[in-house]
Amino acid sequence: MYALSGHRRPILLEADLTHPLAEPGTDPVDRVLSRNRRQLRPTLRALHEAGKDPRVGGLVVKVGGQLSWASVHELRRAVLAFRRGGKPAVAWAETFPVERAGTASYLLASAFEEIWLQPGGELGLLGVAVETTFLRGALDRLGIAPEFGQRYEYKNAADRFLRTDFTPAFRESSDRLAESVFSTAVAAIAHDRGLDEGRVRELVDSGPRTAAEALRDGLVDRLGYRDQVYDAVRQRLPGEADLLYADNWRPRRQLTMPARARRHVALVPAKGTIGSGRSRQTPLGRSIGSDTLAGQLRAALRDDHARAVVLQVDSPGGSAVASDVIWREMVRLREAGKPVIVSMGDVAGSGGYYISCPADVILALPATITGSIGVLSGKFVVHELLERAGLTTGAVEYGAHARMYSARRPFSDAERERLDVSLDAIYDDFVAKVADGRGRSVAEIESVARGRVWTGEDALTHGLVDELGDLQDALRIARERAGLPADAPVRPPGNVPALARLTKAKNSEDPRAVTTGTGLRDLTRLLGLPEGVELLMPGVVLR
């Protein structure tokens, strides 16, 4: 790491935002695998705070790659915070890809004071689209029959398996998602580039553009290569500058009284699909284990020095039972009087919203996908597939419904009735919990529930979130509500050193009992197939 202490030459911060930055969880294997990658949270902190650092002279960032819409909005807010320090902030791109990355990455670039584009590059400012792949036709060919129930018409996660095209409700919600994300992007680009919104829409509809056309139409400021960008930025700084990756920047250390340092905000990450047991890192991504997350929330509740809790949610949902376990711990925190703030990332829907709804304050980014207050359950019947393969099934059973969830036969009428009873009960309970958490009537929540997904922008309008903001805003609110100073530290709850994880836990409330594990889930979970009653988001791809 670069030694900043006593250094007199100006520092030019740089970052490569052409791909997602690493955001390691608590799992030790995950941390090892990501240790040599640039880190997201330190980068965001630098962008928010380094603009006020007299040692820092400017910022230059490479853009033009694959980032999610919510991540783009979070990074934009950080860039705009840096610019308030009055220092040069320049974005440069080899190209803004003509595929889905182009519009989102250009939205990020527009937050900078100046945009450079390589002369041979393109500007793929093409708009926003929502795509869904329907699997029913393939399942029919294979001899697999999907049997699912869902509540209600907007709960479209199972439609990928049940249908070959959009239902009217699925199309309506998907259309609104694209419209909301696109309108927000157009308004931001128009503001940043000093253009009329109608003009921006014209430029989108007539794209993509060559670099020369992008310069002519005022979408970029200069054409040039990397060396020319860096030379131009250095010329604006007072003296020869040293480069420093943004995530290597650290603020000057300040002496802090020990008692004051102990009072902190507990930051609890909730990222991945929700399931029972311990959190795990699987080949397909992270899994939120209810044992792990509930244990972390209990640790924050027991810690008198943790004056507030921020739950960082990035989850499409999962098990209803596991979500309910986590929900209860959120309620206990709130009842104990500790401020509980939720910061939503890319996705915080269905089970992800379920665990969020008890919070005192919920923040989302404009393009966060949230809501999806609904439920689904069912199974895939593979009887025909097995017959085609020459496989037959014999069974002995005691109990009329002993094989209710067997994949080798469909639901009976009586079993379908029991499935419906379960779905109705869980849905009604979900809506009631949201109404209680949001301080609204059941009827009000029902009107925006029924399984429908919303962007953060629309969720704010409908009262499902309280503010648009990022993690930094959530931490600020948590400190304010807890009466902590603006620089109060942020710490994980029940943090267990790596060596201590090798020793046995004393009891179920010992943080070592719920540390993150590693390993494979069962095949059903690895394939992402429904297992039991699920609170899951629809499988849409936002481009």
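Student: In which sense do strand β3 and β4 pair?

Tutor: This is a predicted model, in which local features need pLDDT of at least 70, side-chain atom pairs count only at pLDDT 80 or more, and totals for chains, interfaces and linings use all residues. Residues are numbered from 1 along each chain as its sequence is written, and side-chain values use heavy atoms, with hydrogens and water left out. Strands are DSSP runs of E with at least two residues, and helices are runs of H or I with at least four, numbered from the N terminus; two strands pair if DSSP finds at least two bridges between them. Strand β3 (residues 89-93) is joined to β4 over four bridges, with I115 in β4 as the bridge partner of A91, and the sense of the pairing is parallel.

Student: Which strands stand at the edges of the open sheet, each with a single partner strand?

Tutor: The open sheet has six strands with parallel pairing, in the order β9-β4-β3-β2-β1-β10. At one end, β4 pairs with β9 (residues 222-223) over two bridges, where R222 in β9 is the bridge partner of W116. Each edge strand has a single partner, so one side of it is left without a neighbour in the sheet, and these edge strands are β9 and β10 (242-245).

Student: Which residues of strand β4 point the other way from E114 and W116?

Tutor: In a regular strand the side chains alternate between the two faces of the sheet. In β4 (residues 114-117) E114 and W116 point one way, and all four residues named for this strand are buried, meaning under 20% relative accessible area with a 1.4 Å probe and protein chains only, where exposed is over 50% and partly exposed lies in between. The residues that point the other way are I115 and L117.

Student: Which residues touch the most other members of the largest nonpolar core?

Tutor: A nonpolar core is a set of buried Ala, Val, Leu, Ile, Met, Phe, Trp, Tyr and Cys residues joined through side-chain atoms within 4.5 Å. Leaving aside neighbours within four places in sequence, F96 is in contact (heavy atoms within 4.5 Å) with residues including I115 and L117. Of the 60 residues in the largest core, those that touch the most other members are L13 and F96.

Student: What is the mean pLDDT of the protein?

Tutor: pLDDT is the predictor's confidence in each residue, from 0 to 100. It stays under 50 over residues 1-6, whereas 87% of the residues reach 70 or more, and the mean is 89.
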